[in-house]
Amino acid sequence: MGWNGNVRPFFFVAFSVLFSFINVNAQVYVDSSAELGILSVQNIDDDLANGLSFYDFDQDGWDDLTIPAGTDSIITYRNVNGSFQEVNLLSVAAGNVRQVLWVDYDNDGDLDLFLSYYNIGVRLYENDGALNFTDVTQQVGITTQPFRSYGVAFADPDGDFDLDLYICAYALNAQSPGALLNFYYQNNGNNQFTNVSSPLGIDNGYQPTFMPVWYDVELDGDVDLHLINDREYTSDAFFINDGFGQFSNQAVTFGISNDDHSPMSCTIGDFNNDGYFDVFESDVANGAIENGLPNDYKIFQNNAGTGFTNVAPNFGLDTNIFAWGGLWVDYDNDGFEDLYIATAENDLTGITEKSSLLYKNGAGTSLTLVNDSIQGNIVGASYSPVKGDINRDGYYDIVVLNGMNQANNVLMNQSSGNNFIRITPYGSVSNSLALGGRVEVFANGENQSKMILSSDGMCAQNSQHLIFGLGTATVVDSIVVTFPSGLVSKVYNHSVNEAIEIYEVASVQVSLGSSYNQACPGDTIILEYPGLTNFQWQDGSTNNFYNVTQSGTYSFTAENSTGDTVFLSLPVSYDFEAVPQISSFVVDNPCGVDSLGSIELFCTPQQVFNSVSWSTGAQSMQLDSLPTGMYSYQLTTNYGCVYEDSISVTQQPNFTVTFTTTPYTDTTFGNVELFVWGGVAPYTFLLDTVNIGNALYGIPPGTYLIQVLDANGCSQYVAVTIPDLSTADLVDQDMKIGVHSDGIRVVILGENIQKEAIQVYDLSGKQIPYSIEQESHYLLLLRLNAPLGLYQIYTGFGTSMISILKL
């Protein structure tokens, strides 16, 4: 089976170590605490229930133990080739320890120690690299005030490559003595912390919070925060990380609020191997009903990152035994995580001790109680189970922390013969422990996943050396480690029954050019970096080049040919200019004139304009005195974008005028009708500045000069002659006068018009007053002071009948 194509193709293998294994017929856990010298006890009751660490604190490859011991605080056991030696590493504050957590808070490569206490708050002890420790709690900005602390978890939820810290402050309510809100200490990058739980809305209010766990529920590359709250009047919180440092409580939406219950363990695993992380939550499970709901265990199955479904009832989990910590552990290396539950008293029966529970996972579809796999059937007041590999045989051993002065259990795993691979991830760009990362193993048709956690369960810290059971698989098809940075390391076709350290690959930063670039519409921009392979661009594309077509930020990760170095490109941004609106106003040359054209150019928005260059050599937005022709321009914006076009200046079209006439006779006056060919309508026909229209009727003989204009103002003069076909002599012809109306005024045409002889009468014979608006040697223009109707005009040479159409 190959690697998941959704992850980035980078890998680097440090080394492999061969492990032996024992092939026996039956899987048995044997309590070996006495043989191994783990003899410490803590005389505490359930109110002080706590957790322990099975972490390799000296990082020599052998899992060590750090165990609370009542008011003696902690006892450290170094694992020396499979045997434990009690060592006095440091002197810590006295008190009942809730949680023991080894972590490289300052990212210097060695493990520091963080402790939470029942009543004195928290302490951070810095390792100088030689296992010499100094209390730096106050120095780094973490509170030293007393309070009732519980679970603690480190991760990098803001993605800035250093570790942040969440601390649970257990308070029954706001009125509880010394009640405090939970703390979220953000690492400032200089080994200083600032509490920002309230500004980010993740302080959880005053509640009895048991345990925080950071894990990636949606597989979107950032860790989310799961908080379990004790007591039947509370609900759990589930803060989804948006990837930009903001959180929202989605417990109800995701179906994981666990209302009115008293969970003590929040245990993360992938019991059905679907790649998404599921959650086991323990409870008092005493058969009692609280607010109408039984106090039973929960297995919240992750539905592909969209929510959870409680499937515990489907698996018939025992719900009558009070439980503290839970542990997903593939005890038989068949490739599916089984479930161990540490139990204590049962309130209804009065029995103070019950056997812890071990359920075998049936390929993700069932859980079967197999307590007989634990030799001696461990009975006690058990609080927290953790897993590690004491003898490095490739099988998880379990250590159980007990209370009430009972010896702790060290359950050695008697190997089953199934195969395994042991993986230890190390960060370089990310935090050194790769906390918040994810490991996937593909073998024998199964895809197993584990989150890299600082802690989970019941104040528990499991080994950083992750064991994956492989069943009968004889080769690991692929291993994919997704680090918190987003870098991915991969190993292919690896042998089984070995240990492998996988490092966040060495990285080299490369440049694709200037960090900010301005681009023009239609630009062809190809980003590439020759000589590398396995490209992963910011949008997931895997070509060895990227065609930039829109504004955005672009980057890639890629490998060299040997796969031992990752190349990280510095982000480059491209800002594509929005296409400006370019318009123009053109004045064409008038008819017959070829040097009065003009062009004015406009650019919107104006502020993007930088310069313009014309084909004439001009460099202004307005050109004047242009002859007819084509003018090209190049307009350049502040981004350096060039927009080209051409604008034509034309000459207004000329036109011709033709006309038809009817002559003047003894019985009729002359007429003329004009026709325009070409030009631009509408047309105007002027006779002595009077608009006469394109036809003139009832005019005497003679020659008339008519001016014709089109809409562009182009002008033509036409001389129209009305022939005289009458029998009168020349003197009589000179005295002929024509009268017509333009519908508003009266036009009298002729020569030697005697204006003082003109009289106007209506049909009743009443004389009508008039005024003279215009007169010339052969034209007289009258305006009648009369309503619409028919009128007689007496000119001294005869009488004409006209119609006034409108005033």
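1. Phenylalanine 161 sits in the loop between strand 10 (149-155) and strand 11 (164-169). The model is predicted, and in it the phi of phenylalanine 161 is near 75°, a positive value in a residue other than glycine. The relative accessible area of phenylalanine 161 is 36%, so the residue is partly exposed.

2. Aspartate 688 is another residue other than glycine with a positive phi, here near 50°. Its place is the loop between strand 58 and strand 59 (690-691). Aspartate 688 has 26% relative accessibility and therefore counts as partly exposed, since that class lies between the 20% and 50% limits.

3. Threonine 604 and proline 605 are joined by a cis bond with omega about 0°, and proline 605 belongs to the loop between strand 51 and strand 52 (609-614). The bond from alanine 681 to proline 682 is also cis, with omega near 0°. Proline 682 is located in the loop between strand 57 (670-678) and strand 58 (684-687). For context, most peptide bonds are trans.

4. Strand 8 (residues 122-127) has five of its six residues buried, so the rest of the structure largely encloses it. What does strand 8 pair with in the antiparallel sense over four bridges? The partner is strand 7 (residues 112-117), and in this pairing phenylalanine 114 stands opposite leucine 124 of strand 8. Strand 8 is also joined to strand 9 (residues 133-135) by three bridges, and these two strands run antiparallel. There asparagine 127 faces phenylalanine 133 of strand 9 as its opposite residue.

5. Both connections of strand 8 described above are hairpins with a glycine at positive phi. The hairpin of strand 7 and strand 8 has four residues between the strands, and glycine 121 takes a positive phi near 90° in it. In the hairpin of strand 8 and strand 9, five residues separate the strands, and glycine 129 in the turn has a positive phi of about 105°.

6. Strand 51 (residues 597-604) and strand 53 run antiparallel and are joined by three bridges. In this arrangement glutamate 600 stands opposite glutamine 622 of strand 53.

7. A nonpolar surface patch is formed by Phe585, Val587 and Phe602, with about 270 Å² of accessible area together. Phenylalanine 602 is a residue of strand 51. Its relative accessible area is 36%, so phenylalanine 602 is partly exposed.

8. How many aromatic pairs does a search of the whole structure find? The search gives 35. One of them is the tilted pair of tyrosine 105 and phenylalanine 193, at 6.2 Å centre to centre with 35° between the planes. This pair links distant parts of the chain, 88 residues apart: tyrosine 105 is in the loop between strand 6 (97-103) and strand 7, while phenylalanine 193 is in strand 13 (residues 193-195). Tyrosine 105 and phenylalanine 193 are both buried.

9. Are tyrosine 426 and tyrosine 503 stacked or edge-to-face? Their ring centres are 5.1 Å apart and their planes are at 20°, so the pair is stacked. Tyrosine 426 is in strand 34 (residues 419-426) and tyrosine 503 in strand 40 (residues 498-503), so the pair ties together parts that are 77 residues apart in sequence. Tyrosine 426 counts as buried because its relative accessibility is 17%, whereas tyrosine 503, at 29%, counts as partly exposed.

10. Ring pairs also build a cluster. Its members are Tyr529, Phe535, Trp537, Tyr546, Tyr554, Phe556 and Tyr574.

Key: Residues numbered from 1 in each chain as written. Predicted model: local features only at pLDDT ≥ 70, side-chain atom pairs only at ≥ 80, totals over all residues. Heavy atoms only, no water. Pairing = 2+ DSSP bridges. Patch = residues over 30% accessible without salt bridge, like charges linked within 9 Å, V, L, I, M, F, W, Y side chains within 5 Å. Areas by Shrake-Rupley, 256 points an atom, 1.4 Å probe, with all protein chains shown as cover. Salt bridge = Lys/Arg side-chain N within 4 Å of Asp/Glu carboxyl O. Buried < 20%, exposed > 50% of the residue type's maximum accessible area, 1.4 Å probe, protein only. Phe/Tyr/Trp six-rings, centres within 6.5 Å; stacked < 30°, edge-to-face > 60°.
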